[in-house]
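Hi,

Here is the structure I said I would pass on.

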Amino acid sequence: MPAATPQDAATPLPRTVRVGYGLGSLCTGTFATVPGLILLYYLTNVLAVPAAVAGAAVFLPKAWDVLINPLVGALSDRSALRGGPRRPFLLIGACTLPPLFALIFAAPPLRGAAAAGYVAVLFLLAATAYAVFQVPYVTMPAEMTEDPQERGRVLGWRVGFLGVAILLSGALAPAIAHADGDTPESYRLMGIAVAVLLAVGMFGAWAATRRAPAVARSEAEPSLRAQLATARSHRPFLYLAGMWTLQALAIGVMLAGVQYFATYTLGSAGAVTPLFACLIGPLVLCMPLWNRLARRRGVTYAQWCASLLYTAGAVVLAFTGTGGPAVGYAAVVLVGIAYAGLQLLPLTMLADTLAADAARTGKRRAATFTGLWTAAETLAFALGAGVFALVLAVTGFRSSDAAHHVDQPDAALTGITAGMSVLPAVLALASLWLLHRYHEPPTEPVPLEEEPARAD
């Protein structure tokens with residue numbers, strides 16, 4: 001893409017670019033939600049994989065993102081492909097992730113460790129394809145415009161589509177998977193349906209951003225070690241990323257437990273759909289309210305409110321066994337209202353922090369920081385499923401296949417409730433200390449470094 005003049009930086013982006021870029025969140029929201037929500041349960045209750053082995057099969061492929069994300073960022077930065085440094089990677093991801101996702105849930109005639117191995121390999125390939133799409137995708141807003149308000153509009157569409165993706169995929173995937181009683185065939189159909197949703201978002205974002213300008217260019221450090229060294233020099237980013245990592249871990253644990261909570265605490269596998277609707281329904285409705293609060297009282301204040309509300313909702317969820325399903329649903333609504341803020345506000349704080357860093361240092365380091373942010377977020381969500389699987393294993397959860405369901409010991413039932421409520425509440429409380437330590441750096445503007453011209 002041709003270099004932009006300074007006037008281009010203040011020009012509003014075409015609406016098609018803003019909306020089209022947001023379409024990419026149909027991918028990021030879906031891939032962050034569905035595996036975390038349903039993959040662990042699919043392994044333990046359909047493919048008869050022991051809980052500890054299932055947790056490893058879910059966690060290890062996503063942990064790979066910590067290594068692959070910096071590599072993708074460096075390759076994208078140095079790319080001389082036609083179409084710019086980012087969009088070709090969006091297309092590669094769009095061509096590979098949807099079929100790989102469908103294959104994860106192809107339900108081959110395998111059980112136990114063999115089934116776990118099959119799923120782990122396909123999930124690893126899918127995670128790689130997702131990184132190829134996600135890392136350039138997250139970097140693009142900082143390069144399309146230098147106007148904070150315009151960048152906020154772009155992120156608004158991204159977060160809006162993110163809410164739609166989480167609500168749609170989180171309700172659609174379990175409904176299809178449980179339609180015929182958790183059969184392998186129903187999971188195959190679910191995998192295909194979700195793959196179509198992924199393809200719509202990914203190809204849509206690639207096509208719509210062809211008119212996106214390039215007013216700035218940020219380059220990530222070439223290795224994970226170099227990126228970590230840069231991050232260590234920026235304490236506000238460290239505290240902010242640490243806070244969100246703990247909160248993403250809490251959300252990941254809760255997402256992994258939703259299906260088990262519906263099946264064993266509420267007594268119906270199908271209860272996951274209304275339960276998830278209570279969790280994600282407030283996302284679209286309440287996000288404008290969190291945005292309004294952030295504008296009036298400051299984004300950090302709004303983040304405190306969202307974090308405390310999430311913690312309170314998780315604590316109330318622990319009393320579902322004594323208070324009945326109504327208490328559980330009400331607690332999940334509180335968590336959902338808080339979740340709306342937790343999806344929007346940390347991204348806003350990250351954008352503000354990166355803008356302050358550029359103004360203060362004169363360096364464009366958005367690619368480095370966003371690469372670390374996405375790696376930490378992905379790892380946290382993956383670790384959430386692994387942690388919940390560990391809770392299941394320690395409390396004696398008994399795995400089964402689709403044709404043979406087994407009764408669970410009381411310790412496992414207690415572990416499911418505690419893993420869904422107490423553990424996320426503890427993690428959210430720990431994140432508050434990091435939020436307390438976070439202070440946005442002063443923005444003493446210095447001229448941005450001139451970047452060498454790139455050969456087309």
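A search of the whole structure turns up one salt bridge, meaning a side-chain nitrogen of Lys or Arg within 4 Å of a carboxyl oxygen of Asp or Glu. Before I go on: this is a predicted model, where local features need pLDDT of at least 70, side-chain atom pairs count only at pLDDT 80 or more, and totals for chains, interfaces and linings use all residues. Residues are numbered from 1 along each chain as its sequence is written, and side-chain values use heavy atoms, with hydrogens and water left out.

The salt bridge joins the side chains of arginine 188 and glutamate 185, at 3.7 Å from N to O. Both residues sit in helix α9, three residues apart, or about one turn of the helix. (Helices are DSSP runs of H or I, at least four residues, numbered from the N terminus.) Arginine 188 counts as partly exposed because its relative accessibility is 32%; partly exposed lies between buried, under 20% relative accessible area, and exposed, over 50%, with a 1.4 Å probe and protein chains only. Glutamate 185, at 48%, also counts as partly exposed.

Now for the packing of α9. Helix α3 (residues 25–45) packs with helix α9 (residues 184–208) at about 165°, their axes 9 Å apart; axes are lines fitted to C-alpha atoms over the stretch in contact, and angles run from 0 to 180 degrees between N-to-C directions. That makes α3 roughly antiparallel to α9 (over 145 degrees).

Cheers

Methods
Helices (H or I, at least four residues) and strands (E, at least two) are DSSP runs, numbered from the N terminus. Angles under 35 degrees count as roughly parallel, over 145 as roughly antiparallel, 65 to 115 as roughly perpendicular and the rest as oblique.
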